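The stops below go from one selection to the next.

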Amino acid sequence: TPRVAIIIPPYNYSGLLGEALLSVQQQTYSNFTCVVVDDHSTDAHFSVVAEEVTKLADDRFKLVRNNTNLGQIPSVYRGMEEIDAAFLAILDPDDRYVPEFIARMIAVHLNPLIFCHIVSCDQHLLRIGDGIITATQNTNGLDLMMTGAIATEQQSFSEFGFHRFIAP
C-alpha cells in the first residue's frame, strides 16, 4: 500500500474546510498524509483552519502557512515540499472525497493491465441541504440505458479497478 499525499490549499475559505478534512480522515485507505497549505489567509480564517486541523488530533495531518499569498498552484507546490509519498491528490477546501476515493484511485494506478500515470474521477455538484444538483459523469458515448451497460461497467471496475481506459 503506497503512501498517498493529499494537499488542500485554502485561501480565506475556512467555512467548509472541516468537512473536507473529515472526508480525508474517513478514507478506507489509511496510508496517507494530508498537508493543508494556508495561502496566507486573513488571521480570522487562518485561526479557523488551524482549529480544524488541530481538532482532528491525527498526526497524518499537517498545517503550513505561506508567508505571502502565492495562489493555488504555488501553494500546491509548497505542499509538495512537505511530503514524502508515491502518489499525490489535490483537494479543494470546498470539496469532499467519498470514503473509497483513495482506495479506488490507487487500484487504478496499481492495476496490472494498463500503465496509468494520472486518473480523474467523477464529481457531483451539491447544494447544501438539497442534495445533488448535477454530476459530470462522462460516458464517452456509452448509452447507460442500454441493456446491461451499468452491469458491464460495475463488472469492469470490480475486476480491473477502472471502468474503461480512454487513450489520450
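Where is the place of T33? Select T33: its place is in strand 2, residues 32-38. Keep in mind that this is a predicted model.

**Whole chain**

Zoom out before going further. The protein has five helices and six strands. Colour by secondary structure and follow the chain from the N terminus: the elements run β-α-β-α-β-α-β-α-β-β-α. Of the 168 residues, 33% count as buried. Among contacts with a separation of 6 or more, 70% are between residues 24 or more positions apart.

**Stop 1: T33**

Go back to T33. T33 counts as buried because its relative accessibility is 12%, and the cut-off for buried is under 20%. Show the side chain: it reaches the backbone oxygen of R60 at 3.2 Å. Now display the surroundings. Beyond the neighbours within four places in sequence, T33 is in contact with R3, V4, A5, I6, R60 and I83.

**Stop 2**

D58 is buried, with a relative accessible area of 15%.

**Stop 3: more salt bridges**

The structure holds seven salt bridges. Select E82 and K62 next; their side chains also form a salt bridge, at 2.5 Å from N to O. E82 lies in the loop between helix 3 and strand 4, and K62 in strand 3 (residues 61-65), so the pair ties together parts that are 20 residues apart in sequence. E82 is partly exposed at 27% relative accessible area, and K62 is partly exposed at 35%.

Move to E19 and R96. The closest N and O atoms of this salt bridge are 3.3 Å apart. The pair links distant parts of the chain, 77 residues apart: E19 is in helix 1 (residues 17-25), R96 in the loop between strand 4 and helix 4 (101-109). E19 is partly exposed at 47%, as is R96 at 31%.

Then pick D38, D43 and R65, which are linked in a network of salt bridges.

**Stop 4: a nonpolar patch**

Which residues form a nonpolar patch on the surface? Select I73, Y77, M80, L88 and I90; together they have about 490 Å² of accessible area. Helix 3 (72-80) and strand 4 (87-90) each supply at least two of the patch residues. Helix 3 gives the largest share, three residues. Finish on I73, in helix 3. I73 is exposed, with a relative accessible area of 52%.

Key. Residues numbered from 1 in each chain as written. Predicted model: local features only at pLDDT ≥ 70, side-chain atom pairs only at ≥ 80, totals over all residues. Heavy atoms only, no water. Helix = DSSP H or I, 4+ residues; strand = E, 2+ residues; numbered from the N terminus. Buried < 20%, exposed > 50% of the residue type's maximum accessible area, 1.4 Å probe, protein only. Contact = heavy atoms within 4.5 Å. Polar contact = N/O pair within 3.5 Å; in protein donor to acceptor, adjacent residues only side chain to side chain. Patch = residues over 30% accessible without salt bridge, like charges linked within 9 Å, V, L, I, M, F, W, Y side chains within 5 Å. Areas by Shrake-Rupley, 256 points an atom, 1.4 Å probe, with all protein chains shown as cover. Salt bridge = Lys/Arg side-chain N within 4 Å of Asp/Glu carboxyl O.
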